[in-house]
Amino acid sequence: MPPLVRTDSFQDVDFTLRRQFGKQEFRPFQRDIIRAALQGNDVFVQAATSFGKSLCFQLPAVIDRGITIVISPLLSLMMNQVEALRVANVNARTLNSNTSMEERDYIYQDLATGHPLVRLLYVTPELCSGEHFRKRLQVVHKQKELARVVVDEAHCISEWGHDFRKDFKRLSWFRDTFPGVPIMCLTATANDVVRKDILSTMGMDKTPAKLMTFTTTAHRSNLHLEVRFTSDEADDRYDDFITWLESVYKRRRAGKRKAELDAAGDRVDSVPGIIYTTSRDECESLSAALRHDGIGARPFHAKLRQEIKEETLARWIANEPGYSIIVATTAFGMGIDKNNVRFVVHWRIPKSFEGYYQEAGRAGRDGNASYCFLYYSREDRDRVQNLATRNSSKDCTGNEKARLDSLAALIKYCEDTSGCRHAAICKYFNETQVPECDFACDWHKDAQGLKKRMVTGLATEEWMSTQRFDDYDGRSD
Ligand SMILES: Nc1ncnc2c1ncn2[C@@H]1O[C@H](COP(=O)(O)OP(=O)(O)OP(=O)(O)O)[C@@H](O)[C@H]1O
C-alpha cells in the first residue's frame, strides 16, 4: 500500500493555529515538529511537561486527510483532550471502557465507511489489541485514510518506563500491518534506555531515514523545587504545609496583589494545588483534615465512583469554591491540563524518579512561579524500599531492576544537599548541559540552611537501623 498523498499545506499551519486552536504563535520547536509530521516522517518528541506536545499531533490531524489514532494510557487524559478539541470545533472522539453504546456504534460505523469524519480518535492500548478495532482500521487504511498513529505519554510503552502495561508492547502491530503510516511518539520523561525501547517497539528504528527526533530539556525553570525533611517521631508535615499555605494567602491579601486577583476574578484564599499521597486511606483522611480546617480539598483515587471523579475534576479545573486542592494518589495527573496549578506537594516519597517529575510537572503550566515540595522521611524511604523489594522477584528482571534504580536515584536526590535540584534532575535524564536556576530550588536559596534542616529533620541512620518499617500501604491507585 503506497503512503498517503499528503496535502501541501505547510502554509496553512499558522492559519490553522489561529483559527482552529485560538493561539497566536507557535512555541519554539512546535512548527518544526509539525512540519516533520506533515512531511510524512516518523517523529519522536521528548519535551518537558507543559511544553505543548499535544498541539504537535492535533494540528497535523486537522490539516491532514484521514483519521489520526491517538493511543493514550489514561482515561482522564483522553477525556480532557477530547473535551478541549470539541470546544475548538474539532471532531475528536474517544473509544474506551466508559464510552456509551451509542457513541461506540457511531464511531465503529464511521470507521466502517473507510472515510471517517472523525479527525482524532483517542483509544487505549488495550483496545488496539482487539480484533474488531483492528479490522475496522484495515478498512480505513485500504481507503488511504489512516493518516497517522500517535502514542502520547510514550514512556508507558517501555518496560523500563515504570508504567508498563502488556498491551503497549502489542502496539508493534501498527508498523507491521501499516508500514507506510507515519508514527509519532511523545513523552516528557525518557532516558536513553526508555527512548530506545520505544523506538524499537514501535518499529520506528527500522527506517532511520524516515525518523525525526526532537529532544528538548526536561528543565522547568518556573518550578521551585524543595525537599522538606521530617520523621515519624516529629511528623510536622501537616502543620508545615498549613503554615506555608497561610503565608501564601497573606501575600495574596497584601495591597496590590489583592487588587490584581480581584480584577482577574481570582479568590485570595484559594490557591489551586495537588497533594500526592501514597494510599487511598491517607488521601481520604488528609483531604478531610484540610476541609475541617476550612481549606477546600477533595480526594481523588481509583476507588471513587466515576461520576464523583469527573465532578471533582471539572470543579477543580473551574476553580470552584471548595475545590482548590486535589489530594490524589498517582492515578491522578498525567495529561491533566490545568494551567494555574500553583503547587504540587508530595506528601511521601513516590515510587520512581520519573513519577515524581511527571507529577511535579503538573504545576505552573502557565509559566508562572509554582512550588513543588517533597516531604521526605527515612521511615517512608524504608517503607517504599521494602515494598519495592518485596514486589520484585528473586532474580530481579530488567524491569524490576529499573524500578529499583529509579527509586534509588530519587532517594539520592532527596538526601543530596550538595547541589542544585534542577541540575540533579537534568543529570538524571542524561542531559549534559547544566540548567540555569534563578533561586528556584532549596539549595540555591539557602545551601547551609538546607544541610541543617536535613540533619535536624531526619531520623538518624543509627536509629533507623534499630527499627523495622514495613507497614507501607502500597495501594496507590
Ligand atoms: N503555541 C501555543 N500558544 C499558547 N499556548 C499553547 C501553545 N501550545 C500549547 N499551548 C498550551 O500549553 C498547555 C500545555 O500543552 P500540552 O497539554 O500539550 O502540554 P504537554 O507538552 O503535553 O505536557 P505534559 O507532558 O505535561 O502533558 C496547554 O494549555 C496548551 O493549550
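Reader: How many helices and strands are there in the protein chain?

Author: The protein chain has 21 helices and 13 strands; helices (H or I, at least four residues) and strands (E, at least two) are DSSP runs, numbered from the N terminus. Bear in mind that this is a predicted model, where local features need pLDDT of at least 70, side-chain atom pairs count only at pLDDT 80 or more, and totals for chains, interfaces and linings use all residues. Residues are numbered from 1 along each chain as its sequence is written.

Reader: What makes Glu153 buried or exposed?

Author: Glu153 has 22 C-beta neighbours inside 10 Å, so it counts as buried. The cut-offs: buried is 20 or more other C-beta atoms within 10 Å of the residue's own, exposed is 12 or fewer, and partly exposed is in between, with C-beta atoms placed from the backbone. Glu153 sits in the loop between β5 (146-151) and α8 (166-169), and its phi is near 50°, a positive value in a residue other than glycine. Most residues other than glycine have a negative phi.

Reader: And how do you know which class Asn319 belongs to?

Author: Asn319 has 16 C-beta neighbours inside 10 Å, so it counts as partly exposed. Its place is the loop between α14 (306-317) and β11 (325-328), and its phi, near 55°, is positive too.

Reader: Why is helix α15 said to be largely enclosed?

Author: Because 8 of the 8 residues of α15 (residues 353-360) are buried. Among them are Phe353, Tyr356 and Tyr357.

Reader: What makes α11 roughly perpendicular to α12?

Author: Helix α11 (residues 237-253) and helix α12 (residues 255-263) pack at an angle of about 85°, with their axes 5 Å apart. That makes α11 roughly perpendicular to α12, since angles of 65 to 115 degrees get that name, while under 35 is roughly parallel, over 145 roughly antiparallel and the rest oblique. Arg251, Arg252 and Arg253 in α11 meet Arg257, Lys258 and Leu261 in α12; contact means C-beta atoms, placed from the backbone, within 7 Å.

Notes: Axes are lines fitted to C-alpha atoms, for helices over the stretch in contact, and angles run from 0 to 180 degrees between N-to-C directions. Two residues are in contact if their C-beta atoms, placed from the backbone, lie within 7 Å.
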